[in-house]
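Please keep the structure open while reading.

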Amino acid sequence: MNEPILTIKNLNKTYGENQVLKGIDLDIYQGQIIGYIGPNGAGKSTTVKLMLGLEVGFNGEIKIFGQDISNGDIEYKRRIGYVPEVAEMYDNLTAQEYLTFIGELYGMDSEVVKEKAINLMKLFGLEDVYHTRINSYSKGMKQKTLIISSLLHNPDLLFLDEPISGLDANSVMIFKEILAQLAQQGKTIFYSSHIMDVVEKISSRIILLNNGQIVADGSFDELKAKNKEGTLEEIFNQLTGFDEHKEIAEEFVATVQDEV
Ligand SMILES: Nc1ncnc2c1ncn2[C@@H]1O[C@H](COP(=O)(O)OP(=O)(O)OP(=O)(O)O)[C@@H](O)[C@H]1O
């Protein structure tokens, strides 16, 4: 195989007393779609934020495109796209203003961005609201605009945190196909989500983080063969040691019904 696009060595991150990441090691190669999964609080977003330089202060090493990201050179970010789980959009702007602004931040020519942005908005069925303020958009419309903003500059490495949140079934189909085609063209995708059936289908490699450590790493078929379970959801339950959803639900419902 070629050199990895992304290398993480013995990554440790602590917030106060809380050790969130406990020695992560990873090599990710061009064209892979990584499904990055794990229970709430496992440390997924923390890993992504460290790789993007949005969170600092860690032990270990992160290399992206062969460059140590701690060396102060942020040039590597030009080749990265990011859809955060919770986005701070400048939603007083129209999509045209917002996307032009983002494109210019990446050093693109404003006329080129405008043309590309309207074409991408059209493909997502949003041409009619291109000049409308984003704060009047529905959740799915905002999410599509965010997806477009992450791809405008044709990045080589894409970090996606719950990217299909709010997208309707048809749009999800388009988006899954976009990811497959981007990967075929050599883009690398790091996809973090709780929607197991989508992760199962789109990922060429699945990495399961539990309590700050990688507990599974392989293709869906490899994980299935190792864990003798049918779906990714079941493998997730098994590897995170969880089998009490019924009991917790019963207690929850009983508590809701308690007389106050
Ligand atoms: N800025 C912060 N300050 C203190 N603790 C933090 C901070 N950010 C994250 N944490 C803690 O780090 C742990 C991991 O959080 P993280 O957001 O990485 O989890 P996650 O796997 O992305 O979870 P989720 O699936 O809920 O999005 C949690 O215990 C969280 O409270």
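Helices (H or I, at least four residues) and strands (E, at least two) are DSSP runs, numbered from the N terminus. Residues are numbered from 1 along each chain as its sequence is written. The model is predicted: local features need pLDDT of at least 70 and side-chain atom pairs count only at pLDDT 80 or more, while totals for chains, interfaces and linings use all residues.

The chain holds nine helices and 10 strands. Its radius of gyration, taken over C-alpha atoms, is 20 Å, close to the 18 Å from the globule rule for 260 residues, so the chain is as compact as a globular protein of that length. That rule is 2.2 Å times the number of residues to the power 0.38. Along the principal axes, the C-alpha atoms fill a box of roughly 55 × 50 × 40 Å. The UniProt record, an unreviewed entry, places the feature "domain: ABC transporter" at residues 6–236; UniProt positions are given in the numbering used here, feature names are shortened, and annotations may be inferred rather than shown by experiment. Over residues 6–236 the chain is 35% helix and 26% strand, with the end C-alpha atoms 25 Å apart.

A residue is buried if 20 or more other C-beta atoms lie within 10 Å of its own, exposed if 12 or fewer, and partly exposed in between, with C-beta atoms placed from the backbone. Buried residues account for 31% of the 260 residues. A nonpolar core is a set of buried Ala, Val, Leu, Ile, Met, Phe, Trp, Tyr and Cys residues joined through C-beta atoms within 7 Å. The largest such core has 55 residues, and those with the most contacts inside it are L99, I189, F190, Y191 and I206. Two residues are in contact if their C-beta atoms, placed from the backbone, lie within 7 Å. Leaving aside neighbours within four places in sequence, F190 is in contact with I34, Y36, V48, L158, F159 and L160.

V48 also belongs to the buried residues of α1, which are K44, T46, T47, V48, L50 and M51. Six of the eight residues of this helix are buried, so α1 is largely enclosed by the rest of the structure. Just after α1, G53 takes a positive phi of about 75 degrees.

What surrounds the ligand? The shell consists of Y15, N18, V20, G38, N40, G41, A42, G43, K44, S45 and T46, each with its C-beta atom, placed from the backbone, within 6 Å of the ligand. The elements giving two or more residues to this shell are β2 (18–28) and α1 (44–51), and α1 gives the most, with three residues.

Two residues other than glycine also have a positive phi. F65, in the loop between β4 (59–64) and β5 (67–68), has a phi of about 50 degrees. With 16 C-beta neighbours inside 10 Å, F65 counts as partly exposed. N211, in the loop between β9 (205–210) and β10 (213–218), has a phi near 55 degrees and is partly exposed, with 15 other C-beta atoms within 10 Å.

Finally, L167 is found in the loop between β7 (157–161) and α5 (169–184). L167 is partly exposed, with 19 other C-beta atoms within 10 Å. Leaving aside neighbours within four places in sequence, L167 is in contact with G140, Q143, V172 and F175.
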